[in-house]
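Colleague: Could you walk me through this model and the terms you use for it?

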Amino acid sequence: IQDVSRRKESEEALRQAQKMETLGQLTGGVAHDFNNMLLAAQLNLEVVEEHVGDRREARECLRAAQGALKRGAELTDRLLAFS
């Protein structure tokens, strides 16, 4: 009788490593796509900002949107670090 427990443990470890690699690739791809969307939003906000002038409420809305983009970029950085 052969003890196959080590082989089974090795196979399970390999499966786990493959799952983590796949998850990392998926996360990296999502982060890349998300970053592209953030860039498009940022560029559009910059164009809008040029046309807002001194309207206080509009500037406040722009600042809030730019803050959300900054938080999105930080999230993207964390996703890329994970991947």
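Predicted model: local features only at pLDDT ≥ 70, side-chain atom pairs only at ≥ 80, totals over all residues.

Colleague: Why is Thr27 called buried?

Modeller: Buried means under 20% relative accessible area, exposed over 50%, and partly exposed in between (1.4 Å probe, protein chains only). Thr27 has 10%, so Thr27 counts as buried.

Colleague: What does Thr27 touch, beyond residues up to four places away in sequence?

Modeller: Thr27, found in helix α1 (residues 5-52), touches Leu79, Phe82 and Ser83. Contact here means heavy atoms within 4.5 Å.

Colleague: And why is Val30 called partly exposed?

Modeller: Val30, also in helix α1, has a relative accessible area of 44%, which lies between the two cut-offs, so the label is partly exposed.

Colleague: Which residues make the nonpolar surface patch?

Modeller: Met20, Leu23, Leu26, Val30 and Phe82 make the patch of about 480 Å². Helix α1 gives the most to it, with four residues.

Colleague: How do you know that the span of helix α2 is close to the expected one?

Modeller: The expected span is 1.5 Å times one less than the number of residues. Helix α2 (residues 56-82) has 27 residues and reaches 39 Å from first C-alpha to last, close to the expected 39 Å.

Colleague: Which helix do the buried residues of α2 pack against?

Modeller: They pack against α1; the buried residues include Leu62, Leu69 and Thr76.

Key
Residues numbered from 1 in each chain as written. Heavy atoms only, no water. Patch = residues over 30% accessible without salt bridge, like charges linked within 9 Å, V, L, I, M, F, W, Y side chains within 5 Å. Areas by Shrake-Rupley, 256 points an atom, 1.4 Å probe, with all protein chains shown as cover. Salt bridge = Lys/Arg side-chain N within 4 Å of Asp/Glu carboxyl O.
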